[in-house]
Amino acid sequence: MRKTPLLATIAIGIAASLALAGCSGASSSSSAGTDASIAVGSLYEPVNLDNTAGGGQGVTEALNGNVYEGLFKLTDDGKVQPLLATKYTTSSDGLTYTFTLRDGVKFHSGKPVTSESVKTSIERVLATDSQSARKSQLAVISGIQTPDDKTVVISLKSRSISLPYNLSYVWIYGPGTTNYKTAEDGTGPYTLGTWKRGSSLSLERWNGYWGTKAKNKEVVYDYFTDASALSNALVTNRVDIVTSIQSPDSLTQFEGNKNYTISNGKSTTKELLAFNDKVAPFNNAEVRKAVYSAIDTKKLLSSIWGKYGTLIGSMVPPSDPWYEDLTKVNPYDTALAKKELATAGLPNGFTFTLDTPTYDPHPAVAEFLKSELAKVGITVNINSISADQWYTKVFKNHDFTATLQEHVNDRDVVWYGNPDFYWGYDNPQVTAWVNQAEQSSTTAEQTAKLKLVNQQIAKDAASAWLYLYPQIVVASSSVSGYPVNGLNSQFYAYDITKK
């Protein structure tokens with residue numbers, strides 16, 4: 001199965017179709033130790049190299065933390081750590097953050113990182129044409145001051161307890177290029193090597209890095225459009241590691257084989273049946289709940305992922321601090337679904353169009369839903385659309401009744417507090433709780449409010465959360481030090497070693 005995320009605007013990115021089914025032919029038989037070249041197999045080639053311009057999941061996977069860094073780093077287990085900022089203070093009213101920058105950090109172009117670099121990088125995220133994942137959350141910023149080269153002062157319109165977390169999404173860009181879509185100037189442990197579109201992208205260890213040098217000399221991302229070809233590349237030693245297996249069938253050849261290691265990590269990617277909550281009949285919560293209860297999500301997950309993956313009852317994955325198991329709120333129960341339809345005034349069901357992206361696993365999911373909903377009198381007309389069409393029709397113009405999509409990011413339950421988001425969910429109480437959570441003075445207060453949000457959107461069946469993707473990383477047993485979790489599609493490569 002192949003998954004292609006949304007445009008980075010919604011955190012998530014729409015990946016474009018790749019030109020080739022094969023890879024660059026890089027061999028994993030290269031030197032070991034600090035001179036090793038690590039061949040990484042992936043389905044996610046960047047659309048471009050700028051994470052404020054819809055670069056997609058691939059640009060995050062390849063460049064985040066490897067080529068570009070932020071003031072903060074999101075670790076593989078979801079913790080926020082200082083990176084280019086060494087410390088920060090917050091004013092008593094929570095409206096002013098003062099950040100101190102790390103000494104001795106230079107961009108790959110040789111220019112020093114200054115407070116002005118940070119200011120302009122944040123302004124790139126907030127720009128009108130920005131497609132950054134956290135643009136809306138950072139809109140709380142009212143001003144940025146740079147009293148000296150090592151100090152950044154950010155003023156806020158209202159309190160934002162998530163500011164350090166949201167800043168981990170902001171890459172600090174250097175002045176070494178004017179076209180960040182095709183070139184880079186970051187501060188990370190690698191520089192960009194060669195990008196062969198439709199084939200591969202290489203990263204080269206940078207000896208001028210301010211921190212611990214990368215443990216390998218080079219990382220080459222080899223790109224595939226076919227999941228089977230990707231798995232075969234690992235079998236034939238063309239790649240050392242596959243960042244995300246997309247079909248359980250692909251694992252058979254690796255299970256029980258001492259030459260490979262299978263890691264089932266944590267994922268934050270949710271498969272959604274997203275309703276347009278402003279359009280009849282889905283402006284009625286009883287209808288949404290009926291649809292949800294008519295779907296055997298356990299059977300769906302098994303049909304797509306076998307024994308892998310997790311059922312969820314809301315937008316919050318287990319790795320988020322405010323997770324609760326809400327899978328019983330809208331249980332699979334066709335009798336209940338029919339009762340809810342009758343309560344909504346639709347005892348004989350109804351017909352709706354499901355806008356379905358053409359890439360896997362959405363077509364298979366759509367057919368499953370069509371079959372399930374027919375059992376309670378609901379007719380589904382499947383309208384297949386490309387990723388680009390989805391962005392324009394669904395996300396941008398809100399011209400849909402229901403759609404399928406995967407949402408990659410963690411902590412994205414807050415989008416249900418935005419009535420203008422593409423799915424149109426509008427519950428003033430939820431919006432208030434989201435705002436109160438963000439203005440909390442402690443993480444305990446924030447967690448309590450977002451649990452209320454989590455519970456309410458489940459009660460309202462704001463969407464139907466079908467399942468949480470597994471994060472299955474398969475690697476040659478000769479390599480180690482790679483990340484195993486799929487938080488926000490990042491893939492830190494600098495600790496990977498080869499025997």
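Predicted model: local features only at pLDDT ≥ 70, side-chain atom pairs only at ≥ 80, totals over all residues.
The relative accessible area of V67 is 0%, so the residue is buried.

Leaving aside residues up to four places away in sequence, V67 touches H108, E184, G186, T187, G188, Y190, T191 and L203.

## Aromatic pairs

Across the whole structure, a search finds 33 aromatic pairs. One involves F72 and F99: the ring centres are 6.0 Å apart and the planes stand at 75 degrees, and the pair is therefore edge-to-face, an angle over 60 degrees being required. F72 belongs to strand β4 (residues 72-74) and F99 to strand β7 (residues 96-101), so that distant parts of the chain, 27 residues apart, are linked by this pair. Both residues are buried because their relative accessibility is under 20%: the value is 4% for F72 and 0% for F99.

F421 and W423 form a further edge-to-face pair, with ring centres 4.7 Å apart and planes at 65 degrees. F421 counts as buried at 8% relative accessibility, as does W423 at 0%.

## The aromatic cluster

F421 and W423 also belong to one aromatic cluster.

## Packing of helices α11 and α12

Helix α11 (residues 428-438) packs against helix α12 (residues 443-459) at an angle of about 160 degrees, and the axes of the two helices are 8 Å apart. Because angles over 145 degrees count as roughly antiparallel, this description applies to α11 and α12. Their crossing is left-handed.

On the α11 side, the contact is made by V430, W433, V434, Q436, A437 and E438. Helix α12 contributes Q446, K449, L450, L452, V453, Q456 and I457. Classified by residue type, the contact of α11 with α12 comprises eight nonpolar, three polar and two charged residues.

Terms used:
Residues numbered from 1 in each chain as written. Heavy atoms only, no water. Axes fitted to C-alpha atoms, helices over the stretch in contact; angles between N-to-C directions. Helix = DSSP H or I, 4+ residues; strand = E, 2+ residues; numbered from the N terminus. Parallel < 35°, antiparallel > 145°, perpendicular 65-115°, else oblique. Left-handed = near helix turned anticlockwise from the far one by under 90°. Contact = heavy atoms within 4.5 Å. Nonpolar A, V, L, I, M, F, W, Y, C, P; charged D, E, K, R; others polar. Phe/Tyr/Trp six-rings, centres within 6.5 Å; stacked < 30°, edge-to-face > 60°. Buried < 20%, exposed > 50% of the residue type's maximum accessible area, 1.4 Å probe, protein only.
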